[in-house]
Amino acid sequence: SVILLSLIWAAPSFAHGPGEKGPNGGAMEDVAGIDAELVTSGNKVTINVFDSKDTKPVPTKGYSGAVLITNGTAKETVTLAVSGENSLQGEAKAAIAPGATVTLTIKTAEGKSGQAKYKK
């Protein structure tokens, strides 16, 4: 376990570059002062929220958001609701296809808002 801990401590700090993966394997983007990780499964969209400095989960109580899913000419807006401790979640009408673009609009409990774009 000492080796495992040293690997964790040796990990680079989480300044994100394009295409960076989050703790749950989803794409991470800096938005509104937090890190938002997009995870999709079928037609479910989950945004996991983390501290941009140390990737600790950030409680999403008081947050609101929506995603615009664009796949070719098809577009759908999905409203996200708080789910669990540090997530926002919503369901699209259809499964989110590879190659789709997902644009997140999020507002934090502190009133900061921003947009981030993900490529599925």
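Colleague: In the hairpin of β7 and β8, which residue takes a positive phi?

Modeller: G111 does, with a phi near 90 degrees, and the hairpin has five residues between the strands. Strands here are DSSP runs of E with at least two residues, numbered from the N terminus. Please note that this is a predicted model, in which local features need pLDDT of at least 70, side-chain atom pairs count only at pLDDT 80 or more, and totals for chains, interfaces and linings use all residues. Residues are numbered from 1 along each chain as its sequence is written, and side-chain values use heavy atoms, with hydrogens and water left out.

Colleague: How many bridges join β7 to β8?

Modeller: Seven bridges join these antiparallel strands, and T103 has K117 in β8 as its bridge partner. Seven bridges also join β4 (residues 64-71) to β7, again antiparallel, with I69 opposite V102 in β7.

Colleague: Is β7 mostly covered or uncovered?

Modeller: Strand β7 (residues 101-107) is mostly covered, as five of its seven residues are buried (under 20% relative accessible area, with a 1.4 Å probe and protein chains only).

Colleague: And the sheet overall: in what order do the strands come?

Modeller: The open sheet has eight strands in the order β1-β2-β3-β6-β5-β4-β7-β8, with antiparallel pairing (two strands pair if DSSP finds at least two bridges between them). Its edge strands are β1 (27-31) and β8 (113-119), each pairing on one side only.

Colleague: What about β5 and β6; how many bridges join them?

Modeller: Three bridges join β5 (residues 74-83) to β6 (residues 87-91), which run antiparallel. A81 stands opposite Q89 in β6.

Terms used. Helices (H or I, at least four residues) and strands (E, at least two) are DSSP runs, numbered from the N terminus. Buried means under 20% relative accessible area, exposed over 50%, partly exposed in between (1.4 Å probe, protein chains only).
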